[in-house]
Amino acid sequence: LKLILSSIEQVTTMEVETRVQAIATLSKALDTIPDAFIRPEKEQPALTTFSGPVPEIPTIDFSEQDEEKLIQNIFNASKDWGLFQIVNHGIPVEAIKKLQTVGREFFELPVEEKEVYAKPADAETIEGYGTKLQKEMEGKKTWVDYLFHNVWPPSRINYKFWPKNPPSYRETNEEYVTYLREVVDKLFKYLSLGLGVEENTIKEAVGGDDLEYLLKINYYPPCPRPDLTLGVAPHTDMSSITLLVPNEIPGLQVFKDDHWYDAKYIPNALIIHIGDQIERTQPSLRARSIKIMSTASSTKFPSNKSLATRSRQIYWTVFVNDLVEESQVQGRRKKFLSMEIESLRVQAIAAITKSQDTIPAEFIRSEKEQPGLTTFNGLAPDIPTIDLNNDQGHTDLVRLIANASQEWGIFQIINHGIPIEVIQRLQSVGKEFFELPQEEKEKYANTPDDKSIEGYGTRLQKEIEGKKAWADYLFHNIWPPPSINYKYWPKNPPSYRETNENYAKHLKLVVNKLLMYLSLGLGLEGNAIKDAVGGEELEYLLKINYYPPCPRPDLALGVVQHTDMSAITVLVPNEVQGLQVLKDDQWINAKYIPNALIIHIGDQVEVIIT
């Protein structure tokens, strides 16, 4: 009796660092588990599992010859459930069985051999053998050990996390991934076509051929109280899609219509779970976020020994393009609740949403910023337009520019001296760059650890309310030559560099005139403002803002309201309406004038003249 009581106390106070497999061995003769594993009542399977008639998760035959029917089946299952099973998927049965075998054999190794592949406690990576992938909000633990590592692309694989035992582990996983990638490509194709977009749209949006695949083997040891604990807590997946290879032991549950249902096992099927990445960029695809979880398995089978060997559950899970940041593993649960789509450009999001009447929540502005509510619909004054080839002469130009700067802070100039063909060519090479394949544009990307603001990107600064602007951009210096870093200048289109250098040459002449007129309008020497902001070393930065078509322009903004920190900003618009100006507490549309330049007086000049 003392021995049993001592064992109970040891189990109920056992620390987290112990593997669940070891805890299960210690507790197998007892009818108890450590307190840390006992879920709150709202999560205990004995209380939450629906016991009435259970709707079956959609099962889709991947060998369906009618492609239109297959596309519709996948689209409907994704929209109505967010999860479905596929059969006849093309992965040979023997490849799946070998994968299951090497996974089981790894977890049957001596503990010291498994620990060779353990995720170091201070590691930033999420890869390796372990027990606790993330800390849960209420401090509870799940009844599971795991092995987690990248399996594609080769450049992302770290083989130190791939077991050498069993000897066929590497060969088996590489064979499985070869087949799996074909399945994933088909899924992305059918999902894209179901949304009414090009068949490669979703794949390109989440990474193209460099899409990352992460394999996680979840091992659920026998549990004396599966009614009280969980193998995997309720969650959605931060990947684009997740593919699960179950075995015949029941455990997976799906939350549907406010109930937790057991997922029916179908031999050799794959379970497909639509992830947060796709849902976030295409919310109309899903009625609501579908949650899944895994229960623990019981040792309380009949005495038949063949059944007793089936009391261990193992799930093989492949996360496709998982968004978990290595430095944010501990906050993973919290992160997915407020996930940001950092890996997707707005251009890719626009391609996915173009046939829909919705946009991701991150782009929906507050009511005080929504163009549909804030744009002035009455008789609006025109932004001043100034002809730099003014017949009235130099004095009149100085007065007009001074008045427009003082009363508006913005004006348009025509007959400015930059040839029409130079402006048209500038617009053309910018458009051609944004029409390049995604992987080519990404060569010029501004990386998170880059100290420069130059490069191709999506978000230049973080907004206070965490919202996003409906724009991608390319940003780089164009003058003076010592400030130019040509690694940010696209090599495609081939004429990009020549076009920008030609434009900068003409632009400098215009800017010199404007700074001179502003100085004279203030009663200063003609070169006063130019010298104050840098003289001949004045830096010119070019930013191309690309605004993809938006299904809800009444809710989103391409660029948030702002002033410019520059001395002056020169905008080259096109015929598509978009620029707005705040005048007399009203947001008014800026009228487009062909080949005009829009001049915005920046903060530097305002500081100088005040």
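I looked up N268 and found it partly exposed, with a relative accessible area of 33%. Here buried means under 20% relative accessible area, exposed over 50%, and partly exposed in between, using a 1.4 Å probe and protein chains only. N268 has a positive phi, near 65 degrees, and is not a glycine. I placed N268 in the loop between strand 10 and strand 11 (270-274). Helices (H or I, at least four residues) and strands (E, at least two) are DSSP runs, numbered from the N terminus.

Before going on, I noted that this is a predicted model, in which local features need pLDDT of at least 70 and side-chain atom pairs count only at pLDDT 80 or more, while totals for chains, interfaces and linings use all residues. Residues are numbered from 1 along each chain as its sequence is written, and side-chain values use heavy atoms, with hydrogens and water left out.

I then checked D584, which also is not a glycine and has a positive phi of about 55 degrees. D584 is in the loop between strand 21 (580-583) and strand 22 (586-589). D584 counts as exposed, at 61% relative accessibility.

Next came the hairpin of strand 9 and strand 10, with two residues between them. D257 in the turn has a positive phi of about 55 degrees. The strands run antiparallel and are joined by four bridges; two strands pair if DSSP finds at least two bridges between them. I found V254 bridged to Y261 in strand 10. In strand 9 (residues 252-256), four of the five residues are buried.

I turned to W408, in the loop between helix 14 (394-407) and strand 16 (410-414). W408 is buried, at 18% relative accessible area. Leaving aside neighbours within four places in sequence, its contacts (heavy atoms within 4.5 Å) include P381, I383, V581 and I588. H600 is 192 residues from W408 along the chain, yet their C-alpha atoms are separated by 9.1 Å.

I also looked for cis peptide bonds. One runs from W152 to P153, with omega near -5 degrees. Another joins N165 and P166, with omega about 0 degrees. P153 lies in the loop between strand 4 (145-152) and helix 7 (169-194), and P166 is found in the loop between strand 4 and helix 7.

Last, I checked the length of helix 17 (residues 496-521). Its 26 residues should span 38 Å at 1.5 Å a residue, and the end C-alpha atoms are 37 Å apart, which agrees. The expected span is 1.5 Å times one less than the number of residues. G523 follows helix 17 and has a positive phi, near 75 degrees.
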